[in-house]
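Open the model in your viewer and keep the selection panel at hand. The tour goes from stop to stop, each time saying what to select and what is there.

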Amino acid sequence: MMSPSNSNIKAVFLDLSGVLYIGTKALPGAVETVHHLKQQGFILRFVTNTASQPSEMILQQLTRLGFDVNETELFTAPKAAIQYLLHHQLRPYCLIHTLLKPEFEDIDQTDPNCVLLGDAQDDLTYQNLNTAFNLLEQGYPLIGIGNNKYYKDSEGFKLDAGAFIHALEWASDTRAIITGKPDKTFFDEVVASTGVPADQCLMIGDDIRGDVGGAINAGLQAALVRTGKFKPHDETLLPDTAWILDSIQKLSLP
């Protein structure tokens, strides 16, 4: 589909990397599109699985690139993970990015009774993964911050946390609990913050599974952009109810 199936869209959810920017550069027309959507009165939510930066740093980056975003509009997978850990009184063995560790410093991590895995990059060593594996073998849960296979930055494609989450799932015969996209609970939380029904919310992303598939499963409308991590093959996986844009710059809503 090339246009929304419902002209009554009231809220727009925007993925960040690959949709609004790549690396340290905003994509053409992205800043102007966000500004125009706000002027039109759409409720905006910025929805990301980024697990290599704390929320404050993400907001600073968006501001530096020219986007007008406030803290209440930003929903991240790490924040969802923190809420899950607190709610279930879990003490994680954390395999997360160094820059993200301050966000988890108030979480008790002594005598771990779960594994938390995010975009830990160089800390995803054999030794650390094996420690995580042995905790899972004791029956403790695996919690993933997002479940993306890969992402794309200014240096090209890079493995994301999902590849390592699936490896641990396979080795330990367990099923990870995912916080962030494509988890329906995560989308439900973002929808609830808008005060409008899910079918009046549009998710725009560059991930056919995490953004588009997850949103449709949660009852939202969804659009795939041909930027960021998009590959031509993704169009063959596009659900019939989704639509496609060359870029965020091409978004046009009534």
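Where is the place of Ser247? Select Ser247: its place is in the segment after β14 (243–245). Helices (H or I, at least four residues) and strands (E, at least two) are DSSP runs, numbered from the N terminus. This is a predicted model, in which local features need pLDDT of at least 70 and side-chain atom pairs count only at pLDDT 80 or more, while totals for chains, interfaces and linings use all residues. Residues are numbered from 1 along each chain as its sequence is written, and side-chain values use heavy atoms, with hydrogens and water left out.

Stay on Ser247 for now. Ser247 counts as buried because its relative accessible area is 14%; buried means under 20%, exposed over 50%, and partly exposed in between (1.4 Å probe, protein chains only). Leaving aside residues up to four places away in sequence, Ser247 touches Val225 and Thr227. Contact here means heavy atoms within 4.5 Å.

**The two domains**

Colour residues 11–49 and 182–250 as domain 1, and residues 80–178 as domain 2. These bounds come from an automatic or database domain assignment. The C-alpha centres of domain 1 and domain 2 are 25 Å apart. Domain 1 gives 12 residues to the contact, and domain 2 gives 12 residues.

Next, select Lys181 and Pro182. A cis peptide bond joins Lys181 and Pro182, with omega about 10°. Pro182 is in the loop between β11 (177–179) and α6.

**Strand β4**

Select Thr48, which is found in strand β4 (residues 43–48). Is Thr48 buried or exposed? Thr48 is buried, because its relative accessible area is 2%. Show the side chains of Thr48 and Thr50: they make a polar contact (2.7 Å). A polar contact is a pair of N or O atoms within 3.5 Å; within protein, one must be able to donate a hydrogen and the other to accept it, and residues adjacent in sequence count only if both atoms are side-chain atoms. Among the residues that Thr48 touches, not counting those up to four places away in sequence, are Asp15, Ile58, Phe75 and Lys181.

**The largest pocket**

Which residues lie nearest the centre of the largest pocket? Select Ser17, Thr50, Ser52, Tyr151 and Lys152, which lie nearest its centre among 35 lining residues. The elements giving two or more residues to the lining are α2 (55–65) and β9 (150–153). β9 gives the most, with 4 residues. Domain 1 and domain 2 each supply at least three residues to the lining.

The space in the largest pocket is about 640 Å³. A pocket is an open set of points on a 1 Å grid over the protein atoms alone, where a 1.4 Å probe fits, with protein on both sides within 12 Å along at least five of seven lines; lining residues have an atom within 4 Å of a point. By class, 7 of the lining residues are nonpolar, 15 are polar and 13 are charged. Ala, Val, Leu, Ile, Met, Phe, Trp, Tyr, Cys and Pro count as nonpolar, Asp, Glu, Lys and Arg as charged, and the others, Gly among them, as polar.

**Strand β10**

Move to Phe157, in strand β10 (residues 156–159). Phe157 counts as partly exposed because its relative accessibility is 45%. Phe157 touches Tyr150, Tyr151, Lys152, Lys229 and Lys231, not counting residues up to four places away in sequence.

**Helix α7**

Select residues 208–217, helix α7; Ile208, Gly210, Asp211, Val212, Gly214 and Ala215 are buried there. What do the buried residues of α7 pack against? They pack against α6 (184–194), β12 (201–205) and β13 (221–225). At the start of α7, a side-chain oxygen of Asp207 comes to within 2.9 Å of the backbone nitrogen of Arg209. After α7 comes Gly219, with a positive phi near 90°.

**Two loops**

Select Gln121, in the loop between β7 (114–117) and α4 (126–137). Gln121 is not a glycine, yet its phi is positive, about 55°. Gln121 is partly exposed, with a relative accessible area of 36%.

The last stop is Asp173, in the loop between α5 (161–172) and β11. Asp173 has a positive phi of about 55° although it is not a glycine. Asp173 is exposed, with a relative accessible area of 74%.

How values were computed:
Points joined across faces, edges and corners; volume = space filled by probe spheres on them.
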